[in-house]
Amino acid sequence: HGLAETLDQAEAQGLSGAAIDKLESEWLDSVEMITFDEAVEHAINASKSIPSNGKAAALEKYRAAVVGKSNIDARETAAAILGEQVDWDWDLPRTREGYYHVTGGIESALSRALAFAPYADLIWLETKTPDIEQARGFARRIREKYPGKWLVYNLSPSFNWSAHGYSDEDLKKFIWELGKEGFVLQLISLAGLHSNAVGFAELAQRFKTDGMLAYVETVQRKEKAIGCDVLTHQKCADCSPIVAPAFGSGADYIDRILSTLASGSSSTSSTGKDSTEHSF
């Protein structure tokens with residue numbers, strides 16, 4: 001029986017969740033999980049109709065013929081070479097939710113990327129580690145077939161960037177090396193979350209002992225030193241009320257609306273000559 005059917009029967013018999021999990025592990029351990037290409041390789045090596053000195057050539061012929069092809073096409077190609085169908089079933093190990101088991105990795109990602117490249121403006125590479133050589137190889141294989149294709153790279157904060165052998169100079173050059181390979185959009189996907197978190201953590205830890213000195217030293221003086229617009233958050237570069245919680249108060253935006261409605265004068269303006277923004 002297939003995996004899903006086996007687990008459904010176990011549930012119908014009243015087995016506990018732990019027992020069903022154990023049964024799933026035992027089922028997966030009892031079978032050899034291989035891709036169709038690996039099954040073809042096994043079949044060619046075991047074939048009696050293909051001479052020993054012709055097996056390598058037969059496998060190479062198969063691999064060359066199925067690049068970018070569907071599984072249906074691959075099955076037909078294998079059958080033509082072997083003279084019989086390859087005994088391989090991708091439905092037996094499907095999960096109860098209907099998912100197929102796949103072999104992930106760069107080759108799988110490349111296959112999908114090349115399939116979607118003609119229709120996509122950007123191709124996104126998401127990796128397990130910040131591996132510049134892996135990214136370079138991925139980019140070059142795509143751009144070999146689709147020159148000039150734009151690529152995206154997630155400079156993920158999930159990576160422990162200090163634990164991958166990069167020097168400070170390597171880290172400094174990382175984005176520029178990616179840029180050379182066509183990664184025109186590079187993002188730190190949770191930069192705002194982490195920068196806010198470390199800023200608040202530092203402020204909170206110091207505030208309990210240093211009071212407002214903590215805020216001045218960890219926030220206000222830093223904003224002024226680097227020319228951060230949010231120092232004068234009262235106007236905050238034309239913020240609208242909708243985005244105000246993230247980018248500022250939006251007071252300047254509201255004042256201009258009030259001024260327009262009142263023909264240039266409003267008694268409730270919050271950013272006039274006495275506004276605190278002018279103290280900086």
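Me: Is Phe174 buried or exposed?
Reply: Phe174 is buried in this predicted model. Its relative accessible area is 4%, and the cut-off for buried is under 20%.

Me: Which residue does Phe174 form an aromatic pair with?
Reply: That's Trp161. The two rings sit 5.2 Å apart, centre to centre, with 90° between the planes, and the pair is edge-to-face. Trp161 lies in the loop between S2 and helix H8, while Phe174 is in helix H8, so the pair ties together parts 13 residues apart in sequence.

Me: And which cluster do ring pairs make?
Reply: They link Tyr153, Phe159, Trp161, Tyr166, Phe174 and Phe183.

Me: OK, switching to charges. How many salt bridges does the structure hold?
Reply: There are 15. One of them joins Glu11 and Arg96, with the closest N and O atoms 2.5 Å apart.

Me: Where in the chain are Glu11 and Arg96?
Reply: Glu11 is in helix H1, and Arg96 is in the loop between helix H5 and helix H6, so that pair ties together parts 85 residues apart in sequence.

Me: What about Arg94, what does its charged end sit over?
Reply: The ring of Tyr100, 4.3 Å from the ring's centre. Arg94 also forms a salt bridge with Asp91.

Me: Last one: which residue does Glu133 meet in a salt bridge?
Reply: Arg136, at 2.5 Å from N to O. Salt bridges with shared partners join both into one network with Arg140, Glu177, Lys180 and Glu181.

Note on methods:
Residues are numbered from 1 along each chain as its sequence is written. This is a predicted model: local features need pLDDT of at least 70, side-chain atom pairs count only at pLDDT 80 or more; totals for chains, interfaces and linings use all residues. Side-chain values use heavy atoms; hydrogens and water are left out. Rings of Phe, Tyr and Trp (its six-membered ring) pair if their centres lie within 6.5 Å; planes under 30 degrees apart count as stacked, over 60 as edge-to-face and the rest as tilted. Helices (H or I, at least four residues) and strands (E, at least two) are DSSP runs, numbered from the N terminus. Buried means under 20% relative accessible area, exposed over 50%, partly exposed in between (1.4 Å probe, protein chains only). A charge sits over a ring if NZ of Lys or CZ of Arg is within 6 Å of the ring centre and within 35 degrees of the ring normal. A salt bridge is a side-chain nitrogen of Lys or Arg within 4 Å of a carboxyl oxygen of Asp or Glu.
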